[in-house]
Every structure is written in structure tokens, then in C-alpha cells.
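Welcome to this short tour! Open your viewer, get ready to select residues, and follow along stop by stop.

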Amino acid sequence: MKELGNSIYWFGCVVAATLLGIGVADYWFGDHHLTAFLSWAVLAAIPWLVGRASLFVLALGTRSPHKVKNSNAPAVKRDAEEDWGRYARIFRE
């Protein structure tokens, strides 16, 4: 599921960058309307946010943190450290 989340996220980034590039080109070579550029930027933010949400849901949100019985148990601490390591590794890449 992590790979699917990463794929959707990067696809959203590519679509967002393309839309933002179109907005910049429209601003430079069009009539220089800032409102048109801002609407392209808002339109570009939508696929990026969808990709970011899918990354969170598919790669990070697989386990619920609320089902822990004893938070001081060594296995629970190890799982929490592994989860944090996965989370930090995703955003470092």
C-alpha cells in the first residue's frame, strides 16, 4: 500500500507542477492578470493535496494508535519507534 500511496502522491505532484507551469506561462505570455495566475495555483493545489492525503492514508494510516493497552510495554515502544522511523523516512525521500 505504501508504494501505491507514493505513486499517487508523485502523480499528483507532476500534475500540480504542470498546472502551475501553465499558470506561469499564462501570466507571462497572456494579459498579466494576477487573478488568473492565482486560479491556476489553486487548481494546481488540488491534485497535490489529494496526493498528499493518499500518501498519509495509504502509507501511514494503516494502524490505529488508539488500540494500545499498555503504552509502557517494550513491544509497543518498539512498534511506535518503527512507525516513527517509517514516517520520517517517507518525508526524507
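Two residues are in contact when heavy atoms lie within 4.5 Å. Before you start, note that this is a predicted model, where local features need pLDDT of at least 70, side-chain atom pairs count only at pLDDT 80 or more, and totals for chains, interfaces and linings use all residues. Residues are numbered from 1 along each chain as its sequence is written, and side-chain values use heavy atoms, leaving out hydrogens and water.

**Stop one.** Select tryptophan 40, in helix H2 (residues 34-60); helices are DSSP runs of H or I with at least four residues, numbered from the N terminus. Leaving aside neighbours within four places in sequence, tryptophan 40 touches Leu19, Ile22, Gly23 and Asp26.

**Stop two.** How many aromatic pairs does a search of the whole structure find? There are two, where ring centres of Phe, Tyr or Trp (its six-membered ring) lie within 6.5 Å, and planes under 30 degrees apart are stacked, over 60 edge-to-face and the rest tilted. Select tyrosine 9 and tryptophan 10: their centres are 5.2 Å apart and their planes at 65°, so this pair is edge-to-face. Tyrosine 9 is buried at 13%, while tryptophan 10 is partly exposed at 48%.

Note on methods
Helix = DSSP H or I, 4+ residues; strand = E, 2+ residues; numbered from the N terminus. Buried < 20%, exposed > 50% of the residue type's maximum accessible area, 1.4 Å probe, protein only.
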